[in-house]
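I opened my notebook today to look at how two chains meet. Here is what I looked up, entry by entry.

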Amino acid sequence: MEDMVEVYDDKILSYLEKDNEVETILESKIEELDSEKQKLSDKNAELKELENSYRDKLTHDSSTDEIREIADEIDRIKEELNGLQGNIDLLQMNINMISETRDKNEKSKEEYITNVSNTIEDYEKKLDAINKAIEICDNAALKEAFEEEQADMQSKLNDLKKQREKELDISINNTIKKEDSNDDITEKAPIEYDNAPFDEVIVSDLLNKIDLSDSQQTNVEENNEKPIIKNDIDLDVNEDLLKNDDVNKEIEIDYPKTLPNDIVLPNIDIENINTPSLDDNIPVDNGQEIIDNISVDASKISQILSSSSIMPSVYNWLNNNIDEKVVE
Amino acid sequence: MIINHQIITLQDNKKYFVLEELLEERERYCLIINIEDDSDVKITLRNENNGKLFLKEVDDKKLLNDLSLKFKTMLEKDQEMYS
């Protein structure tokens, strides 16, 4: 039971960290997007001004050089606008991918909460059984042992309940944040971690200790006796997101970018592989060779074709080959 | 090389008269009859390899059926022409 509580501690911390990580990236991307949109808006305004100026110059018979200068400037601004639009599309794509990852994480978290609830139910059943045993127990020593077990079980159950409440609180906070972000992303409230449910570690302290760099796991392990994040915890991460180098620079998720040195490619002796060449005599059944041919006079041809002995046998042979069903 | 209405000698030294020649699906077929044994009738595929001419007996039933039908029609027309 104690091990199970520890696993839940680790799991909830990993969720907190992942939530935090994803939210940070998402926020920065949204900020970038806003900045690019602002630039786009400014450039559009600039373009409009130039176009007005261009029309003005045209109507006031300005010099060709002046008009050409403005036309060139308009072209330059239009190119910049295209570039900005490209940036916006890319950022929007990144945001969609990050949001997808966040949603998957949220889903995985919901499954986790269900598991915690099931475990709580299991604890409650066991506690109920212990209570009944205490009621009917006559032996004082045994009763005392039951009561100790009851107290221990009750304490663990309380821990689990607090964890579930905490996780639900975070989920609700995130939902509110998501709704807020739809209206005004800059006004998002930070996640509150005040009501730490753990006896051994305080979540807010831990979050301060967590360094989102390569040495993250080492640092956390050094500061706590047990590892905060288990290597085998399977968090849902969008695979496309993992492949996105820009995003990975920020998330710093390790994945193999090159082949390990210890992979040995098979040594194949190509020279000794026999492949058929065109010179090889592959036997082809062409049938019988015509070794001689003699022309026949028209009169003899006519004689053969009208022969009452030859032609009936030819027709018979042909008719034997003709399948009436196929002909029909 | 045109072998239609000619007497040909095959590798086994048997002599055949080529009754008809037909081009079908880019392949050339011949209807031949043994000049010494009129029960020996064949439909053959004509092959050319290294300037040499070969005849290979057709044994595919479906193809034999189709070709027999066509040769029969051709033969009837030829008979009309030579009669």
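**Entry 1: a pair of neighbouring strands.** I started with Glu48(B), and I found that Glu48(B) stands opposite Leu53(B) in β5(B). This is a predicted model, so I read each value as computed from it. Next I looked at the strands themselves: β4(B) and β5(B) run antiparallel and are joined over 6 bridges. They make a hairpin, with 2 residues between the strands.

**Entry 2: the turn.** Which residue in the turn of this hairpin has a positive phi? My note says Asn50(B), with a phi of about 50°. A positive phi here belongs to a residue other than glycine. I placed Asn50(B) in the loop between β4 (41-49) and β5 (52-57) of chain B. Is Asn50(B) buried or exposed? Asn50(B) counts as exposed because its relative accessibility is 74%, and exposed means over 50%.

Entry 3: I then turned to His5(B), another residue other than glycine, whose phi is positive and near 60°. His5(B) lies in the segment before β1 (6-10) of chain B. Its relative accessibility is 9%, so I wrote down His5(B) as buried; the cut-off for buried is under 20%.

**Entry 4: strands across the two chains.** Here I followed β1(A) over to chain B. How many bridges link β1(A) and β1(B)? I noted 5 bridges, and the two strands pair in the antiparallel sense. In β5(B), Phe54(B) is the residue opposite Glu289(A).

**Entry 5: one residue in β1(B).** I picked Thr9(B), which is found in strand β1 of chain B. Thr9(B) is buried, because its relative accessible area is 5% and buried means under 20%. What does Thr9(B) touch, leaving out residues up to four places away in sequence? From chain A I listed Glu289(A), Ile290(A), Ile291(A) and Asp292(A), and from chain B Lys14(B) and Lys15(B). With Lys15(B) there is also a polar contact, side chain to side chain, at 3.2 Å.

**Entry 6: the whole interface.** Finally I stepped back to the contact between the chains. It takes 32 residues from chain A and 37 residues from chain B. The area buried between chain A and chain B is about 3500 Å², and carbon and sulfur atoms give 62% of it. In chain A, the residues that lose the most area to chain B are Asn286(A), Gln288(A) and Ile290(A), together 20% of what that side buries.

For polar contacts, the count is 18 residue pairs between the two chains, both residues being at pLDDT 80 or more.

Which elements of chain A each supply at least two residues of the side that touches chain B? I wrote down β1 (288-295), α8 (298-305), α9 (310-321) and α10 (324-327). α9(A) gives the most, with 9 residues. Sorted by class, this side of chain A has 17 nonpolar, 11 polar and 4 charged residues.

Methods: Residues numbered from 1 in each chain as written. Chains lettered and ligands numbered in written order. Predicted model: local features only at pLDDT ≥ 70, side-chain atom pairs only at ≥ 80, totals over all residues. Heavy atoms only, no water. Helix = DSSP H or I, 4+ residues; strand = E, 2+ residues; numbered from the N terminus. Buried < 20%, exposed > 50% of the residue type's maximum accessible area, 1.4 Å probe, protein only. Contact = heavy atoms within 4.5 Å. Buried area = accessible area lost by both parts, 1.4 Å probe. Polar contact = N/O pair within 3.5 Å; in protein donor to acceptor, adjacent residues only side chain to side chain. Nonpolar A, V, L, I, M, F, W, Y, C, P; charged D, E, K, R; others polar. Pairing = 2+ DSSP bridges.
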